[in-house]
Amino acid sequence: PVWLWQGSDGAPAKGAWYFLTIDGETAQAIRAGAVNAAAWGSVYVEATIGNTTWRTSLFPSKQAGGWLLPLKAAVRKAEKITEGMVVEARLALAS
């Protein structure tokens, strides 16, 4: 499910980001295949949801035991994604 980043006070900050959590076997496969880690251990990917494909970074999440995929506004708008929706993302490690 899509979730909204909450500030330290538990409320969404203005301009807050939406994310998908990538965990389980998919997270393990990304960790094993990611040879070109970027800043803060992030990994470059090409992501596709529905008919929208974009390049972005996955951010490591110790809390989730996997990765966080940020969903920028243009993607959410194009695919009519709202908080709480269950969406499927296709990911490919970028070189």
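## The nonpolar core

The largest nonpolar core of this predicted model has 19 residues. A nonpolar core is a set of buried Ala, Val, Leu, Ile, Met, Phe, Trp, Tyr and Cys residues joined through side-chain atoms within 4.5 Å. Buried means under 20% relative accessible area, exposed means over 50%, and partly exposed lies in between (1.4 Å probe, protein chains only). Trp-54, Leu-58, Trp-67, Leu-69 and Leu-71 have the most contacts inside this core. S2, H1, S3, S4 and S5 each supply at least two of its residues. S3 gives the most, with 4 residues.

Look at Leu-71. Leaving out residues up to four places away in sequence, Leu-71 touches Val-2, Trp-17, Tyr-18, Phe-19, Leu-20, Ile-49, Trp-54 and Arg-76. Contact here means heavy atoms within 4.5 Å.

## Basis of the model

This is a predicted model, where local features need pLDDT of at least 70, side-chain atom pairs count only at pLDDT 80 or more, and totals for chains, interfaces and linings use all residues. Residues are numbered from 1 along each chain as its sequence is written, and side-chain values use heavy atoms, with hydrogens and water left out.

## The sheet and its helix

The protein has 2 helices and 6 strands. Helices (H or I, at least four residues) and strands (E, at least two) are DSSP runs, numbered from the N terminus. Along the sequence the pattern reads β-β-α-β-β-β-α-β.

The 6 strands form an open sheet with antiparallel pairing, in the order S1-S2-S5-S4-S3-S6. Strand S1 (3-4) and strand S6 (90-93) stand at the edges with a single partner strand each, so one side of each has no neighbour in the sheet. Two strands pair if DSSP finds at least two bridges between them. Strand S2 (residues 18-22) and strand S5 (residues 66-71) are joined by 5 bridges. In S5, Trp-67 is the bridge partner of Ile-22. Helix H1 (residues 24-33) packs on the sheet and touches S2, S3, S4, S5 and S6. Its direction makes about 95° with that of S5. Axes are lines fitted to C-alpha atoms, for helices over the stretch in contact, and angles run from 0 to 180 degrees between N-to-C directions.

## A residue in an edge strand

Ala-92 lies in strand S6. Is Ala-92 buried or partly exposed? At 36% relative accessibility, Ala-92 counts as partly exposed. Beyond its neighbours within four places in sequence, Ala-92 is in contact with Tyr-44, Val-45 and Glu-46. Ala-92 and Glu-46 are 46 residues apart in sequence, but 5.2 Å apart in space, C-alpha to C-alpha.
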